[in-house]
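The stops below are intended to be followed in order.

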Amino acid sequence: MIKTRILEMLRCREVAERADRLIDGELGHWERLNMKLHLVMCRGCRAFIQQMRATQKLTREADVPDDTVIGDDIMAALAQRRAKFGKRP
Ligand SMILES: [Zn+2]
């Protein structure tokens, strides 16, 4: 009984670890099949994947690779704009 539980937990962790690669379509045929099999049985992982997919979709639509980069970009753009407006009469 305990063994099955540990196995299940491990598999859930594996699913979580591979979730981004599953969404990106980077997994092999068997890996993907195993993931899908797990997702059919495990509601928790299914919700997790769904959430990740939604997050990735949003990130992709915004075309933003990294939060830190956004910060720097915005800061640079603001500085540029400020400089431009400063020069304008
Ligand atoms: Zn699971």
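Select helix H3, residues 43-62, first. Of its 20 residues, two are buried, so helix H3 lies largely in the open. A residue is termed buried if 20 or more other C-beta atoms lie within 10 Å of its own, exposed if 12 or fewer do, and partly exposed in between, with C-beta atoms placed from the backbone. Helices (H or I, at least four residues) and strands (E, at least two) are DSSP runs, numbered from the N terminus. From its first C-alpha to its last, helix H3 reaches 29 Å, close to the 28 Å expected at 1.5 Å a residue; the expected span is 1.5 Å times one less than the number of residues.

This is a predicted model, in which local features need pLDDT of at least 70 and side-chain atom pairs count only at pLDDT 80 or more, while totals for chains, interfaces and linings use all residues. Residues are numbered from 1 along each chain as its sequence is written.

Within helix H3, go to Gly44. It has 11 C-beta neighbours inside 10 Å and therefore counts as exposed.

Next, select helix H2, residues 29-41. Its 13 residues reach 19 Å between the end C-alpha atoms, close to the expected 18 Å. One of the 13 is buried, so helix H2 lies largely in the open. Asn34 belongs to this helix and, with 16 C-beta neighbours inside 10 Å, counts as partly exposed. The C-alpha atoms of Asn34 and Val15 are separated by 9.1 Å, although the residues are 19 apart along the chain.

Now display Val15, Ala19, Met35, Cys45 and Ile49 together; these five residues form the largest nonpolar core. Helix H1 (2-24) and H3 are the elements that give two or more residues to this core. A nonpolar core is a set of buried Ala, Val, Leu, Ile, Met, Phe, Trp, Tyr and Cys residues joined through C-beta atoms within 7 Å. What does Met35 touch, not counting residues up to four places away in sequence? Its contacts are Val15, Arg18, Leu22 and Leu27, a contact requiring C-beta atoms, placed from the backbone, within 7 Å.

Finally, select residues 12-46, which UniProt lists in an unreviewed entry as "domain: Putative zinc-finger". The end C-alpha atoms of this span lie 10 Å apart, and it is 86% helix and 0% strand. Zoom out to the protein chain: four helices and zero strands are present, and 6% of its 89 residues are buried.

Technical notes:
UniProt positions are given in the numbering used here, feature names are shortened, and annotations may be inferred rather than shown by experiment. Two residues are in contact if their C-beta atoms, placed from the backbone, lie within 7 Å.
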